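Me: I have a structure open and would like to learn how to read its side-chain features. Could you take me through some of them?

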Amino acid sequence: MAHPLFSLDGKLALVTGAARGLGLAMATSLARAGALVLLNGRDEARLKPGLEALRAEGLAAAPLVFDVADEAALERAFAALEREHGRLDILVSNVGLRNRRPIDQLSRADMREMLEVNLTAPFALAKRAAALMLPRRRGRLIMVTSIAGPLSRSGDAAYTASKGGLAALTRSLAAEYGPHGITANAIAPGFFATETNAARVADPKIRSFIEQRVPLRRWGEPHEIGGAAVFLASDEASYVNGHVLTVDGGVSASF
Ligand SMILES: NC(=O)c1ccc[n+]([C@@H]2O[C@H](COP(=O)([O-])OP(=O)(O)OC[C@H]3O[C@@H](n4cnc5c(N)ncnc54)[C@H](OP(=O)(O)O)[C@@H]3O)[C@@H](O)[C@H]2O)c1
């Protein structure tokens, strides 16, 4: 059970990209804090193991299958959510695409795709979620950005631009929805040992880079992102608005 200070009892949360990785980790933490969590992904079968793991713990979770970049599918999913629940308390917009390529190998189409998934879709999700929150004058919008955004490296321009834009969008959401009782914040993860990063975690050269570059000398474990999501979603974060909470073992604090 969550500490009563951070209880999410009675809250309804939607986490996008929750079949695995950081999305599933945040969904698990939100559910452990008491929320009913809707797990989103593009494929119901891929959502099943995560859902079963949550339910095996006695936690409340259900699937909400749609592609965040598909405007019509997003609208259908939110219409279904509204019909069934009539409200939404917490949105965690977690889906993020990556395309590691040097700029001269990055086409305009690549850039458009990146911005569509990493910036336009979170904008549409936040707007749709806020429409459900506005009548109740309360809600939590949580965007997942990255330390790539304020920081950059060669060969990652599209991702960095999209995540920097998402942090700026978070501030705009905070400014615009704050007067209506809705907060908007972001979580900026550093290097996490998720399934997508499995090959990188196993690579000895990258291990040695992580051991030198990260003050905590290791990759983050996915569950270590969960507390940030619970805090930002909780009533205890009632005056935190427009903040990007970095969870990176100290990478962006050091050089
Ligand atoms: N991992 C890290 O170290 C790290 C570091 C910094 C920032 N981040 C950010 O954290 C977020 C999560 O990263 P991750 O590594 O945990 O993610 P991931 O493993 O690459 O993917 C997470 C989930 O997103 C779903 N997904 C992908 N595209 C989707 C779409 N268009 N619509 C709906 N669902 C979609 C996938 O499920 P399906 O394929 O079944 O749909 C998958 O379950 C991303 O925004 C990423 O940029 C991660």
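This is a predicted model: local features need pLDDT of at least 70, side-chain atom pairs count only at pLDDT 80 or more; totals for chains, interfaces and linings use all residues.

Me: Is asparagine 185 buried or exposed?

Reply: Buried means under 20% relative accessible area, exposed over 50%, and partly exposed in between (1.4 Å probe, protein chains only). Asparagine 185 has a relative accessible area of 1%, so it is buried. This residue is found in strand S6 (residues 182–189); strands (E, at least two residues) and helices (H or I, at least four) are DSSP runs, numbered from the N terminus.

Me: Which residues does asparagine 185 touch?

Reply: Contact means heavy atoms within 4.5 Å. Not counting residues up to four places away in sequence, asparagine 185 touches several residues, including Leu141, Thr170 and His243. A polar atom of the asparagine 185 side chain lies 2.8 Å from the backbone nitrogen of histidine 243.

Me: How do I read a pair of aromatic rings?

Reply: A pair of aromatic rings is described by the distance of the centres and the angle of the planes. Rings of Phe, Tyr and Trp (its six-membered ring) pair if their centres lie within 6.5 Å; planes under 30 degrees apart count as stacked, over 60 as edge-to-face and the rest as tilted. The structure holds 4 aromatic pairs. In one of them, phenylalanine 66 and phenylalanine 78 have ring centres 6.5 Å apart and planes at 70 degrees, so the pair is edge-to-face. Phenylalanine 66 lies in the loop between strand S3 (61–65) and helix H3 (71–85) and phenylalanine 78 in helix H3, so the pair ties together parts 12 residues apart in sequence. Both phenylalanine 66 and phenylalanine 78 are buried.

Me: How many salt bridges does the structure hold?

Reply: A salt bridge is a side-chain nitrogen of Lys or Arg within 4 Å of a carboxyl oxygen of Asp or Glu. The structure holds 11 salt bridges. Among them is arginine 128 with glutamate 75, whose closest N and O atoms are 3.0 Å apart. Arginine 128 lies in helix H4 (residues 108–133) and glutamate 75 in helix H3, so this pair ties together parts 53 residues apart in sequence. Arginine 128 counts as buried at 15% relative accessibility, while glutamate 75 is partly exposed at 37%.

Note on methods. Residues are numbered from 1 along each chain as its sequence is written. Side-chain values use heavy atoms; hydrogens and water are left out. A polar contact is a pair of N or O atoms within 3.5 Å; within protein, one must be able to donate a hydrogen and the other to accept it, and residues adjacent in sequence count only if both atoms are side-chain atoms.
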